[in-house]
Amino acid sequence: MPHISVYAGIPGRQTAQVIQQALHRQPSTAAQYLQQMYAAQQQHLMLQTAALQQQQQQQLSNAQLQRLAGVQ
């Protein structure tokens with residue numbers, strides 16, 4: 001199974017900032033902070049995926065309407 005970074009969707013500079021901010025915290029709060037950042041990133045990716053799926057469905061609907069219009 002390929003290794004997937006927790007921060008795969010975040011540009012490099014932002015990843016470095018998240019890690020630097022975590023390093024300046026106490027170990028217990030650093031772990032909590034990283035978990036919150038991970039959860040936020042997961043939610044962002046889910047929303048992006050949902051938006052792309054909706055866009056794709058809209059494109060399919062438009063294509064179907066165009067085909068129907070061409071048939072008539």
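How many helices and strands does the protein have?

**View 1. The whole predicted model.** The protein has two helices and zero strands; both kinds of element are DSSP runs numbered from the N terminus, helices being H or I with at least four residues and strands E with at least two. This is a predicted model, in which local features need pLDDT of at least 70, side-chain atom pairs count only at pLDDT 80 or more, and totals for chains, interfaces and linings use all residues. Residues are numbered from 1 along each chain as its sequence is written, and side-chain values use heavy atoms, with hydrogens and water left out. Of the 72 residues, 11% are buried (under 20% relative accessible area, with exposed meaning over 50% and partly exposed in between; 1.4 Å probe, protein chains only).

View 2. Thr 15, Val 18 and Ala 22 are the buried residues of α1. They lie on the same side of α1 because they cover an arc of only 65° around the axis, taken from the directions from the helix axis to the C-beta atoms. Exposed residues Gly 12, Arg 13 and Leu 23 sit on the face turned away from the buried side.

**View 3. Val 18 and Leu 34.** Val 18 belongs to helix α1, residues 12-23. Its relative accessibility is 9%, so Val 18 counts as buried. Leu 34 is 16 residues from Val 18 in sequence, and their C-alpha atoms are 7.6 Å apart in space.
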